[in-house]
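The structure comes first, then the reading.

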Amino acid sequence: MPIDKRVASAAEALEGVSDGAVVLCSGFGGAGFANVLIAALCERGTRNLTLVSNSATHRFSFTHQLIEAGLVRRVICSAARGHAAGLSPLEELWKDGKIELTVLPQGSFAESLRAGGAGIPAYYTPAGVGTQLAEGKEIRRFGTRDYLLEEAIIGDLALIRADVADRWGNLSFRHAQANFGPAMATAARLAIAEVRITQDHPIPPTEVQLSGVFVNRVLAVGG
Amino acid sequence: MHPLNRLQMAWRAAQDIEDGMVVNLGIGMPVACGDYIRPGLEVVIQAENGVIGAGKLADQAHADSDLVDAGSRRITLAPGATIIDSTASFAMIRGGHIDATILGAFEVAANGDLANWDMRIPNKGPLVGGAMDLAACARQVWIIMEFNTRKGAPRLREACLLPLTAPGCVRRIFTDLAVVHVTAQGFLVTELLPGLSPEDLQARADAKLHFAPDCRPLTTPALALPE
């Protein structure tokens with residue numbers, strides 16, 4: 001049977017996603033947010049989510065909608081500060097103890113996802129040594145330097161944005177769209193990409209930036 | 001006495017960038033350094049989101065929401081640029097391939113400790129971003145910040161009051177009043193704003209300042225802040 005990972009709607013893309021899912025959402029600075037899929041997840045009303053997103057309340061990312069809708073119980077990110085002077089919905093919920101917040105250095109955030117998708121349960125990094133983020137974590141000296149043990153992150157669902165997908169789920173990205181997408185796709189049991197266009201014919205092999213092996217479903221959303 | 005404005009501080013930091021360096025620029029004042037690299041030099045600007053070879057800001061006609069730097073600014077690409085994903089970008093950072101990172105800061109201690117991620121504003125969420133990776137792993141860490149807080153408190157301190165980003169990492173500090181190097185002996189002032197005495201500067205710091213025998217006047221071109 002021919003492989004074809006294309007789906008017809010965001011609802012179909014999210015089929016099978018259940019409450020309590022660990023959701024990895026890519027995107028950085030306006031590039032690579034899978035906002036069609038995030039909005040659909042919000043509409044679906046799946047609850048009790050763990051949201052893994054570099055900047056959890058970035059103004060260009062719809063992840064803030066998931067938080068505002070009360071669907072998120074835990075956030076793992078590198079940046080949790082709202083842009084406004086007052087408290088963001090995330091900060092309000094965190095203050096009231098309704099959201100648990102884990103902050104990682106951005107490089108550890110990325111590497112934990114990479115490790116999760118690569119079968120590596122934990123790794124040592126120099127980032128964060130000597131800071132509050134090292135509290136409770138194992139420190140080990142290699143050579144002349146101390147390193148911090150960080151654990152891998154594995155998700156139930158990854159929502160990423162790319163430019164083109166072929167029917168095999170191979171992806172190519174535009175400019176800085178990739179950011180956390182490739183790592184998140186590898187680290188999730190169900191990886192869904194929303195893309196500008198899907199095509200029947202293959203993307204030339206050397207232009208594929210993420211192998212379709214790591215991608216389960218693709219949805220064309222235009223844009 | 002005319003303290004440097006934010007663009008002049010960025011200009012002064014940019015003068016220390018050498019030909020061929022790979023430089024990461026932080027959000028805020030540091031990204032402006034890209035506009036003031038000395039003529040004739042070719043430098044690779046690394047943006048943590050994976051743009052390696054960031055160019056100038058894009059004009060309205062070329063602005064593309066998929067082509068942004070670490071500060072979400074819409075940018076162009078310099079010749080020779082590549083775009084990689086976040087894991088590769090931070091491999092580049094942690095692997096020691098960045099010659100210098102220029103970051104903003106709240107406080108720097110005399111031993112080079114850096115505090116630039118948590119101002120301890122009640123209930124405001126933490127914002128670490130890539131600063132801990134950069135501060136721990138770039139070959140040099142340079143800081144651009146005002147010498148004092150808006151309320152006049154010292155930012156150059158014997159020990160940081162705010163939570164650390166990384167211990168013992170800062171090498172140079174470019175401020176509105178002086179250029180300060182962090183040495184094994186502590187703070188060493190290498191340039192001082194004309195009209196300000198060493199005693200005046202010392203009174204604004206919380207740590208002992210040493211003054212270089214060849215300490216020069218801190219001068220920059222006039223650069224007007226945008227309205």
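The buried residues of H2(B) are covered from both chains. From chain A, the cover includes helix H5 (106-118), strand E5 (122-125) and helix H6 (181-186). From chain B, it includes strand E1 (22-25), strand E2 (44-47) and helix H3 (131-137). The model is predicted.

Helix H2 (residues 86-94) of chain B has 7 of its 9 residues buried, so it is largely enclosed by the rest of the structure. Among the buried residues are B:Phe90, B:Met92, B:Ile93 and B:Arg94. B:Ser86, B:Thr87 and B:Ser89 are also buried.

Chain A has its own helix H2, at residues 35-44. Its buried residues are A:Val36, A:Leu37, A:Ile38, A:Ala40 and A:Leu41. They pack against helices H1 (10-13) and H3 (63-68) of chain A. Strands E1 (22-25), E8 (155-166), E10 (188-199) and E11 (217-220) of chain A also pack against them.

A glycine with positive phi follows each helix:

| Helix | Following residue | Phi |
|---|---|---|
| H2(A) | A:Gly45 | near 75° |
| H2(B) | B:Gly96 | near 85° |

Which strands make up the open sheet in chain B, and in what order? There are 3, ordered E7-E6-E9, with mixed pairing. Strands E7 (114-115) and E9 (156-157) of chain B stand at the edges, each with a single partner strand, so one side of each is left without a neighbour in the sheet. Strand E6 (residues 107-109) of chain B runs antiparallel to E7(B), and 2 bridges join them. B:Glu107 has B:Ala115 as its bridge partner in E7(B).

Methods: Residues numbered from 1 in each chain as written. Chains lettered and ligands numbered in written order. Predicted model: local features only at pLDDT ≥ 70, side-chain atom pairs only at ≥ 80, totals over all residues. Pairing = 2+ DSSP bridges. Helix = DSSP H or I, 4+ residues; strand = E, 2+ residues; numbered from the N terminus. Buried ≥ 20, exposed ≤ 12 C-beta atoms within 10 Å, placed from the backbone. Contact = placed C-beta atoms within 7 Å.
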